[in-house]
Amino acid sequence: MTLAGVVMAVSLGAVAQERFTLKREEAQTGSHIKREAATGNIPLDKPYRDFTPEQKRIVKKPYENMKENDEPPFPEKGLAELYMTMSKVHAKVHANGLVDMEVVVDPAGKPLNVLVYSSPDEKASEIMAMALMATKYKPALCSGQPCQQNFLFRAKLTPGY
């Protein structure tokens, strides 16, 4: 049986950074060891407000023209649920490659639409779009005020370990 891996594509800086992992809910048949479902360089189980200044910088880096006090939209409960869904989808479709999507999030934190730029599998795109639309978001802040902005969702689907 092949294990699927999801690597967060938020690993942007060349600086050595902490590695955070999300374990699968169940161990592989014949083992008690729960394999990694996703890895990244920001906590997967924390909301944006609980990030360190460095972790917030990592999240903000791909957003152009974001000022010091501005904040991007972000899932209210963190990324764990989205990446666990992506891991489950990957285990079913066995397609590897980059998933690059954006969610248009309104000033109240409500998702309005999902834009798909790339995905190795159409079914994976559909399921992840539904998961992204079902997620509650912390709205973006522009000059201290809630504003509409896109939440960037990127993942690299890799073969099993």
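Close-up 1. At a relative accessibility of 56%, Ser143 counts as exposed (over 50% relative accessible area, whereas buried means under 20% and partly exposed lies in between, with a 1.4 Å probe and protein chains only). The residue is found in the loop between strand S8 (140–142) and strand S9 (145–147), where strands (E, at least two residues) and helices (H or I, at least four) are DSSP runs numbered from the N terminus. Phi of Ser143 is near 55 degrees, a positive value in a residue other than glycine. Most residues other than glycine have a negative phi. The model is predicted, so that local features need pLDDT of at least 70 and side-chain atom pairs count only at pLDDT 80 or more, while totals for chains, interfaces and linings use all residues. Residues are numbered from 1 along each chain as its sequence is written, and side-chain values use heavy atoms, with hydrogens and water left out.

**Close-up 2. Asn65 in the loop between helix H1 and strand S4.** Asn65 is placed in the loop that runs between helix H1 (53–60) and strand S4 (74–75). Although Asn65 is not a glycine, its phi is positive, at about 55 degrees. With a relative accessible area of 73%, Asn65 is exposed.

**Close-up 3. Glu102 in strand S5.** Glu102 lies in strand S5 (residues 97–105) and is buried, its relative accessible area being 13%. Its side chain is joined to that of Asn150 by a polar contact of 2.7 Å (a pair of N or O atoms within 3.5 Å, of which, within protein, one must be able to donate a hydrogen and the other to accept it, residues adjacent in sequence counting only if both atoms are side-chain atoms). Leaving aside neighbours within four places in sequence, Glu102 is in contact with Asn113, Val114, Leu115, Tyr117, Asn150, Phe151, Leu152 and Arg154, contact meaning heavy atoms within 4.5 Å. The C-alpha atoms of Glu102 and Phe153 are separated by 5.7 Å, although these residues are 51 residues apart along the chain.

**Close-up 4. Residues that line the second largest pocket.** The lining consists of Pro75, Glu76, Lys77, Gly78, Glu81, Leu82, Thr85, Ala131, Ala134, Thr135 and Lys136 (on a 1 Å grid over the protein atoms alone, a pocket is an open set of points where a 1.4 Å probe fits, with protein on both sides within 12 Å along at least five of seven lines, and lining residues have an atom within 4 Å of a point). Helix H2 (80–93) and helix H3 (122–134) are the elements that give two or more residues to this lining, and H2 gives the most, with 3 residues.
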